[in-house]
Amino acid sequence: MNFPDDLKYTKDHEWVRISGNEAFVGITDFAQGELGDIVFIDINTVGQDVKHGEVFGTVEAVKTVSDLFAPLSGKVLEINPKLESNPEGVNKDPYGDGWLIKMTVANASEAAALLSSADYKKEIGQ
């Protein structure tokens, strides 16, 4: 499994790529593997403020539906437009074309609580 060192991670299996006061968010390689074939992404929070830990959408796989939790507080700016017609892109490239949302970072200090790649690997027993 792949866990890029330039990303931050959550115990809820999301990754975060922070650039200035914006962040891209997706699910980890581990999460997509556990979910199996992803068939639908439901995110209807564009333009809304979300708080750290709040549900911002769901991901539906053949096996189950899982909530997506905001890794940081901020406003959801954009949903990955490729996911509407290609939700399986999350399975194929979770850290690239399979990103889920772009959001603002309302409280940069929350990023300090995110996990490093090494800490996330320990969290999942890798």
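What follows concerns strand E9 and its setting in the sheet.

Reply: The model is predicted: local features need pLDDT of at least 70, side-chain atom pairs count only at pLDDT 80 or more, and totals for chains, interfaces and linings use all residues. Residues are numbered from 1 along each chain as its sequence is written, and side-chain values use heavy atoms, with hydrogens and water left out.

The sheet comes first. Helices (H or I, at least four residues) and strands (E, at least two) are DSSP runs, numbered from the N terminus, and two strands pair if DSSP finds at least two bridges between them. E9 belongs to an open sheet of six strands, ordered E1-E2-E3-E9-E8-E5 with antiparallel pairing. Its edges are strand E1 (8-9) and strand E5 (49-50), each of which pairs on one side only. On one flank of E9, four bridges connect it to E3, and the two run antiparallel. E8 is joined to E9 by three bridges, again in antiparallel fashion. Individual residues show how this works. Met 103 in E9 faces Ala 23, and Val 76 also stands opposite Met 103. Ile 101 of E9, in turn, is the bridge partner of Val 25. In a regular strand the side chains alternate between the two faces of the sheet.

Side chains of opposite charge can pair when their charged atoms come close. A salt bridge is counted where a side-chain nitrogen of Lys or Arg lies within 4 Å of a carboxyl oxygen of Asp or Glu, and the structure holds two of them. In one, Lys 102 is joined to Glu 22, with the closest N and O atoms 3.4 Å apart. This pair links distant parts of the chain, as Lys 102 lies in strand E9 (residues 101-104) and Glu 22 in strand E3 (residues 22-27), 80 residues apart. For accessibility, buried means under 20% relative accessible area, exposed over 50% and partly exposed in between (1.4 Å probe, protein chains only). Glu 22 counts as partly exposed because its relative accessibility is 29%.

The second salt bridge pairs Asp 97 with Lys 82, with 3.2 Å between the closest N and O atoms. Asp 97 is in the loop between helix H2 (89-92) and E9, while Lys 82 is in the loop between strand E8 (74-79) and H2, so this contact ties together parts that are 15 residues apart in sequence. Both partners are partly exposed: Asp 97 has a relative accessible area of 44%, and Lys 82 has 43% relative accessibility.

The loop between H2 and E9 also holds Leu 100, a buried residue with a relative accessible area of 1%. Contact here means heavy atoms within 4.5 Å. With neighbours within four places in sequence set aside, the contacts of Leu 100 include Val 25, Gly 26, Ile 27, Ile 41, Phe 56, Leu 68, Ile 79 and Val 90. From Leu 100 to Asp 119, the C-alpha to C-alpha distance is 22 Å, although the two are 19 residues apart in sequence.

These contacts lead into the interior. A nonpolar core is a set of buried Ala, Val, Leu, Ile, Met, Phe, Trp, Tyr and Cys residues joined through side-chain atoms within 4.5 Å. The largest such core has 25 residues, and those with the most contacts inside it are Ile 27, Ile 41, Phe 56, Leu 72, Leu 100 and Ile 101. Two or more of its residues come from each of E3, helix H1 (29-35), E4, strand E6 (55-61) and E9. Apart from this core lies another, of 10 residues, among them Tyr 9, Trp 15, Tyr 95 and Leu 115. Ile 41, with neighbours within four places in sequence left aside, touches Thr 58, Val 59, Leu 83, Pro 87, Val 90 and Leu 100.

Ser 73 sits in the loop between strand E7 (65-69) and E8 and counts as buried, at 13% relative accessibility. Not counting residues up to four places away in sequence, the contacts of Ser 73 include Met 103, Thr 104 and Val 105, along with Val 50, Lys 51 and His 52.
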